[in-house]
Amino acid sequence: MIHDALIFAALGPLVGDRCWPVMIPQEPGKPPVWPAIRYTPVGGTITPDACGGGTAFTDDQRVQVDCIVEGDYKACGALCELARAAMEALTVPTVADGPPIYEYDAETKTFRAIQDFTIYGSSPVV
């Protein structure tokens, strides 16, 4: 994903740099350390830029951000709000695509907030 460095720079500090694309690494026999954030490109189509420089960096892209917190729904919601603010403050215009969805994983005893964003690489920063 072309905006990896921007996303990591925005979200990593919220969780002690436990922020990864696509999957959360796990040492064999040990659970992951929470809280953590995972971001994943979503959707099958990347919209080519209409007014940018014609490069992949100016394509509009969708990304899903998962905020995972152990055992505390309110803390998960708070982390999700911080992540949304960080994403919307990127130097590339970025907006949330609706409200987050929340899930609970009984096996890991974690709450997960799932939030989709569109990164408008073709739009100038104002």
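A residue counts as buried under 20% relative accessible area, as exposed over 50%, and as partly exposed in between. By this scale Arg84, at 32% relative accessibility, counts as partly exposed. The report below applies these terms to a predicted model.

**Overall architecture**

The protein chain holds two helices and six strands, arranged from the N terminus in the order α-β-β-β-α-β-β-β. Of its 126 residues, 38% are buried. The chain exposes about 7100 Å², and carbon and sulfur atoms account for 59% of that area. Where contacts link residues at least 6 apart in sequence, 59% of them join residues at least 24 apart.

**Strand E6 and its partners**

Strand E6 spans residues 110-120 and is mostly covered, with eight of its 11 residues buried. Strand E3 (residues 60-70) runs antiparallel to E6 and is joined to it by 11 bridges; within this pairing, Gln64 has Asp116 as its bridge partner. Strand E4 (residues 94-96) also pairs with E6 in the antiparallel sense, over three bridges, and Thr94 stands opposite Ile119. Five bridges connect strand E5 (residues 101-105) to E6, again antiparallel, with Glu103 opposite Arg112. The hairpin of E5 and E6 has four residues between the strands, and Lys109 there takes a positive phi near 55°.

**Salt bridges**

The whole structure contains seven salt bridges. Three of them are listed here.

| Pair | Closest N to O distance |
|---|---|
| Arg112 and Asp66 | 3.1 Å |
| Arg84 and Glu88 | 3.2 Å |

Arg62 is partly exposed, with a relative accessible area of 34%, and Asp97 is partly exposed with a value of 34%.

Arg112 forms a salt bridge with Asp66. Arg112 belongs to strand E6 and Asp66 to strand E3, so the pair ties together parts that are 46 residues apart in sequence. Asp66 is buried, at a relative accessible area of 1%.

Arg84 and Glu88 both lie in helix H2 (residues 73-88), four residues apart, which is about one turn of the helix. Glu88 is partly exposed, with a relative accessible area of 37%. Elsewhere, salt bridges with shared partners join Arg38, Asp66, Glu103 and Arg112 into one network.

Notes
Residues are numbered from 1 along each chain as its sequence is written. This is a predicted model: local features need pLDDT of at least 70, side-chain atom pairs count only at pLDDT 80 or more; totals for chains, interfaces and linings use all residues. Side-chain values use heavy atoms; hydrogens and water are left out. Buried means under 20% relative accessible area, exposed over 50%, partly exposed in between (1.4 Å probe, protein chains only). Contact means heavy atoms within 4.5 Å. Accessible areas come from the Shrake-Rupley method with a 1.4 Å probe; for residues, only the protein chains shown count as cover. Two strands pair if DSSP finds at least two bridges between them. A salt bridge is a side-chain nitrogen of Lys or Arg within 4 Å of a carboxyl oxygen of Asp or Glu.
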